[in-house]
Amino acid sequence: MRSDYSRLQVTALVALRFAIGWHFFYEGVSKAANAYWTSAGYLDQSQGFLAEWFGNMASNPSTLALVDFLNVWGLILVGLGLMLGGLTRTATFFGIVMLALYYLATPPWPGFVYSIPAEGAYMIINKTLIELCALFVTLLFPTGHIIGLDRLVRLARNRGAAQDTQA
């Protein structure tokens, strides 16, 4: 598939996609490697209009176990998809959903105070929202079909279709 992006644009977009993918992957693997990790504390601290929903997840052990499982494997799979350029649009979409949920669980809005340490003083916009916006850019300018497994799959399909029409 032909790209109308310059080489520099493709490089920048792939680097952005890969960096976000690495962040997702690393967060998932580090949580999976920690036998004591749970999202309960994060969910319990939730404030805002979804606080009750997040609090209910934390208070129900079976729901919490499912949330923890989905969080860890969601992070790992989204990260792999973004880094390898495989199922890029799907990985990007689910990455945006996950980041939106993280943001809404503990929004950095004025008047909200959390015991979870923040790395800076935020007012409405934090690193989670910035990463969500960056991931939205990768959704609008997909690069998996240019550099990644998505391209290899498309090339293999095109070869198979060409062979079928010649037969």
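Lys and Arg count as positive here, and Asp and Glu as negative. With that in hand, let's tour this predicted model.

**View 1. Charged side chains of the protein chain.** The chain carries 10 positive and 9 negative side chains. The centres of these two sets lie 17 Å apart.

**View 2. The helices, from end to end.** Seven helices and zero strands make up the secondary structure of the protein chain. Following the sequence, you will read the pattern α-α-α-α-α-α-α. The C-alpha trace spans about 65 × 35 × 25 Å along its principal axes.

**View 3. Surface and interior.** Of the 167 residues in the protein chain, 33% count as buried. Take contacts between residues at least 6 apart in sequence: 75% of them join residues at least 24 apart.

**View 4. Tyrosine 5 meets phenylalanine 141.** Searching the whole structure turns up seven aromatic pairs. One of them joins tyrosine 5 and phenylalanine 141 edge-to-face, at 6.1 Å centre to centre and with 65° between the planes. Tyrosine 5 sits in the segment before helix H1 (7-33), while phenylalanine 141 belongs to the loop between helix H6 (127-140) and helix H7 (149-166), so this pair ties together parts that are 136 residues apart in sequence. Tyrosine 5 has 25% relative accessibility and therefore counts as partly exposed. Phenylalanine 141, at 39% relative accessibility, also counts as partly exposed.

**View 5. A cluster of rings.** Here you can find Trp22, Phe25 and Tyr26, which ring pairs link into a cluster.

Technical notes: Residues numbered from 1 in each chain as written. Predicted model: local features only at pLDDT ≥ 70, side-chain atom pairs only at ≥ 80, totals over all residues. Heavy atoms only, no water. Helix = DSSP H or I, 4+ residues; strand = E, 2+ residues; numbered from the N terminus. Buried < 20%, exposed > 50% of the residue type's maximum accessible area, 1.4 Å probe, protein only. Contact = heavy atoms within 4.5 Å. Charge placed at Lys NZ, Arg CZ, Asp CG, Glu CD. Phe/Tyr/Trp six-rings, centres within 6.5 Å; stacked < 30°, edge-to-face > 60°.
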